[in-house]
Amino acid sequence: MSRNVKHLLTVALLVVVGTVITYFVLTAVYQLPVAASEEAGPIDQLFNIHFWFISFLFALIVGLMLYSIVVFRRKPGDEQGADFHSHTTLEIVWTIIPLVIVIGLGIFSAIMLVNITEARPNEMEVEVKGRQWSWLFSYPEHEDIGFSSTLVLPVDQTIRLRMTTDDVLHSFWVPEFRVKQDLVPGQVTELR
């Protein structure tokens with residue numbers, strides 16, 4: 001086996017091991033709250049894909065850098081090596097591959113957004129009013145409930161939140177739902 005193949009295999013092994021370790025560290029440090037909606041599944045899947053890509057890129061960069069520092073360090077008496085300039089093919093490849101990945105993730109995200117925000121049959125409507133320091137919830141289908149400062153939802157029922165605000169910008173976000181929606185005064189915003 002040639003020296004170059006040994007270097008390549010060693011770096012490949014370091015990148016694979018580094019990717020797995022980095023992924024498990026990321027998922028341990030950045031744990032998502034327990035999912036409380038059907039929409040959380042695809043969003044968690046997108047987070048998972050991002051974590052794998054982040055882990056791979058981190059392991060690739062750090063692994064190559066550390067391997068090069070250890071293996072190719074200058075030894076006493078070595079002359080300085082030749083200067084290398086551009087490698088057009090390499091520059092095109094490392095521009096095109098990330099571009100394709102980002103476009104692919106963008107398309108996947110757009111499809112997922114359409115799927116989780118589309119209307120469904122038998123939706124229960126909840127009216128949400130953002131106030132400067134609180135939220136008010138009302139249930140038009142259940143007029144006996146009136147207004148509440150606590151959001152109470154039935155299990156296994158699609159909910160359409162019809163949200164408004166009178167005063168300032170608000171962000172309605174329940175981390176367990178994995179969706180966030182900004183409210184603008186004078187506009188009605190929907191979230192499923």
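This is a predicted model: local features need pLDDT of at least 70, side-chain atom pairs count only at pLDDT 80 or more; totals for chains, interfaces and linings use all residues.
Residues are numbered from 1 along each chain as its sequence is written, and side-chain values use heavy atoms, with hydrogens and water left out.

A pocket is an open set of points on a 1 Å grid over the protein atoms alone, where a 1.4 Å probe fits and protein lies on both sides within 12 Å along at least five of seven lines; lining residues have an atom within 4 Å of a point. The volume is the space filled by probe spheres set on the points, which are joined across faces, edges and corners.

| Pocket | Volume | Lining by class |
|---|---|---|
| Largest | About 370 Å³ | 8 nonpolar, 3 polar, 5 charged residues |

In the largest pocket, 16 residues make up the lining, and Ser37, Glu38, Glu39, Gln157 and Ile159 lie nearest its centre.

Now for the helices (DSSP runs of H or I, at least four residues, numbered from the N terminus, just as strands are E runs of at least two). The 32 residues of α2 should span 46 Å at 1.5 Å a residue, and its end C-alpha atoms sit 45 Å apart, which agrees. The expected span is 1.5 Å times one less than the number of residues. For α3, with 30 residues, the reach from first C-alpha to last is 43 Å, close to the 44 Å expected.

Buried residues (under 20% relative accessible area with a 1.4 Å probe, protein chains only) in α2 include Phe51, Ser55 and Tyr67. The buried residues of α2 pack against α1 (3–29), α3 and β6 (179–183). In α3, Leu105, Met112 and Ile116 are buried, and the buried residues there pack against α2 and β6.

Over in helix α1 you'll find Thr22, buried with a relative accessible area of 15%. Leaving aside neighbours within four places in sequence, Thr22 is in contact (heavy atoms within 4.5 Å) with Ser55 and Phe58.

On to the strands, which pair if DSSP finds at least two bridges between them. An open sheet of 5 strands runs in the order β3-β2-β1-β4-β7, with mixed pairing. β3 (147–148) and β7 (189–191) stand at the edges with a single partner strand each, so one side of each has no neighbour in the sheet. Parallel strands β1 (residues 124–130) and β4 (residues 159–165) are joined by 7 bridges, and Val128 stands opposite Met163 in β4.

Strand β5 (residues 170–174) runs antiparallel to β6, joined by 5 bridges, with Val174 opposite Val179 in β6. These two strands form a hairpin with 4 residues between them, and Arg178 in the turn has a positive phi of about 70 degrees.

Conventions: Ala, Val, Leu, Ile, Met, Phe, Trp, Tyr, Cys and Pro count as nonpolar, Asp, Glu, Lys and Arg as charged, and the others, Gly among them, as polar. Buried means under 20% relative accessible area, exposed over 50%, partly exposed in between (1.4 Å probe, protein chains only).
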